Amino acid sequence: KHVFIMVQAAWCSACTEIRPQWDALAKMMENVDEVVIATLDAEENDPPSRYFPENFIPNIKLFRKGQKNRPAKFNYAPTLEGLVEFIHEQTGISMKDAQEARYPAYKEKYGIDNVIERMRRAALNVDIPPAQMLRMPPKKALASLLYTKLLDPKIASPDPLPEDSFSPDLAGSTHTWSLIRREASGADAGPEPLARAAT
């Protein structure tokens, strides 16, 4: 496996600044079997000088599968985007790969199948007003309409789903940077609303 390690300490302000991005990366990659995201506390452990001869922290390196004796130094911006781009450059594993690995558990947690079925029924039973189509691009108009109708209790659908099978928070499945950050911070938020996800 590829092992991505950050050497850090609790007293280090620079470590504290990057820690939310690191935690977000770990959550994002948790279902990717080929990558391990790890943290080494420099106060409680002595980093091997052979691999970490530097005297600064945070010290971030990637030990690539099959090349563990030649770790790659992290040299991107200390952001979530920078961390993901670095992993992609060094291993070929992309954000898309991480999302696809996470999707089965994500789909089950948020009831995405129920959301898609509700959207399908809405699309089959609701006419799209021409005026709405003229004011915005077709895809955005459809997304906005479905989002509105799915939240409107006056709109009936055949064979209604159970009341607890749909929530306004589940009106889409686009996994964005903001969602990854919210999940990493501990907020149990569902996918972003469909109307916003289509912009």
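Student: What should I know before reading the model?
Tutor: Residues are numbered from 1 along each chain as its sequence is written, and side-chain values use heavy atoms, with hydrogens and water left out. The model is predicted, so local features need pLDDT of at least 70 and side-chain atom pairs pLDDT 80 or more, while totals for chains, interfaces and linings use all residues.

Student: How many salt bridges are there by the rule?
Tutor: Side chains of opposite charge can pair when their charged atoms come close. The rule asks for a side-chain nitrogen of Lys or Arg within 4 Å of a carboxyl oxygen of Asp or Glu. The count here is 3.

Student: Which residue meets D23 in a salt bridge?
Tutor: R19 does, at 2.9 Å from N to O. Helices are DSSP runs of H or I, at least four residues; strands are runs of E, at least two; both are numbered from the N terminus.

Student: Which residues form salt bridges with E54?
Tutor: K61 pairs with E54 at 3.0 Å. K73 pairs with E54 at 3.5 Å. K73 lies in strand β4 (residues 72–73), and E54 in the loop between β2 (35–41) and β3 (59–63), 19 residues apart. Shared partners join E54, K61 and K73 into one network.

Student: Is K61 buried or exposed?
Tutor: Buried means under 20% relative accessible area, exposed over 50%, partly exposed in between (1.4 Å probe, protein chains only). K61 is buried at 3%. K73 is exposed at 53%.

Student: Which residues of α3 are buried?
Tutor: They are M95, A98, R102, Y106 and Y110.
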